[in-house]
Amino acid sequence: AWTRGVRIPRYKEPAASRDILPVVPTGPVFAPLCYGEAETSLPAAAVGAAVHKGEPLGVPREEDDAPAFATVDGVLTDVRSIGHPVFGTIACAVLQPAEEKPAPAKAKKPAKTASRPVADAPRILEAARRAGIIDETDGVPLYAKLSEWHGRAPDILVADGAETEPYASAAWAVLNESAEEVYRGLQLANTVIGAAR
């Protein structure tokens, strides 16, 4: 039994049952052009250019580096070096967000999805590299983790959907709203690593 410390009660509701809402930036957005201690990307757009969420902001310097993507619709107003508490000085694209437009209503997904072309491990690894997906817990790119486990056939592949923070419910919300996509992502990851379950 615990004899010291503070026990924080869990208050997951009502947040856990609500829809995921878009975050509307109120000022400039700084998007890193690098991951890690070195500048891994070169700017892909000129200052003054309009950019759209999801478009590349930085092209990789090296083949194994991950690209950087715009996180909002807006205008690239500057490329500025800023201090980061872990990585030191990093280059960031400065985006002035566009006026927020109302999001279209989500359409209900069909019960059965159309068959998709079968992807092989090299194509999945390249797609993960080009997507620039970075693990939020340790900063390691997804494609690097998948490459490390490629063909090692572990016993099981697990998606961690637990939300250990007492008030947060972000991981739960992703599973609630996008369970099918999470499952499809696990299937693609397993094509690379070959887990038994």
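In this talk, contact, or touching, means heavy atoms within 4.5 Å. The model is predicted, and local features need pLDDT of at least 70, side-chain atom pairs count only at pLDDT 80 or more, and totals for chains, interfaces and linings use all residues. Residues are numbered from 1 along each chain as its sequence is written, and side-chain values use heavy atoms, with hydrogens and water left out.

I start with S169. S169 touches K12, A15, A16 and E163, leaving aside residues up to four places away in sequence. S169 sits in the loop between α2 and α3, the latter being residues 170-193. Helices (H or I, at least four residues) and strands (E, at least two) are DSSP runs, numbered from the N terminus. Is S169 buried or exposed? S169 counts as buried, because its relative accessibility is 10%. The cut-offs are under 20% relative accessible area for buried and over 50% for exposed, with partly exposed in between (1.4 Å probe, protein chains only).

K12 comes up again. The charged end of K12 sits over the ring of W172, 4.8 Å from the ring centre. R152 lies over the face of W149, at 4.1 Å from the centre of that ring. The criterion is NZ of Lys or CZ of Arg within 6 Å of the ring centre and within 35 degrees of the ring normal.

Next, aromatic pairs. The structure holds one. Y11 and Y167 are stacked, at 6.2 Å centre to centre with 5° between the planes. Y11 lies in the segment before β1 (29-32) and Y167 in the loop between α2 and α3, so the pair ties together parts 156 residues apart in sequence. Rings of Phe, Tyr and Trp (its six-membered ring) pair if their centres lie within 6.5 Å; planes under 30 degrees apart are stacked, over 60 edge-to-face, and the rest tilted. Y11 counts as exposed at 54% relative accessibility, while Y167 is partly exposed at 47%.

A173 lies in helix α3 and is buried, at 11% relative accessibility. A173 and I20 are 153 residues apart in sequence, and their C-alpha atoms are 6.7 Å apart in space.

Last, the helix packing. Helix α1 (residues 121-131) and helix α2 (residues 142-149) pack at an angle of about 155°, with axes 8 Å apart. That makes α1 roughly antiparallel to α2, a term for angles over 145 degrees. The contact is made by L125, A128 and R129 of α1 with L142, Y143, L146 and S147 of α2.

Notes. Axes fitted to C-alpha atoms, helices over the stretch in contact; angles between N-to-C directions. Parallel < 35°, antiparallel > 145°, perpendicular 65-115°, else oblique.
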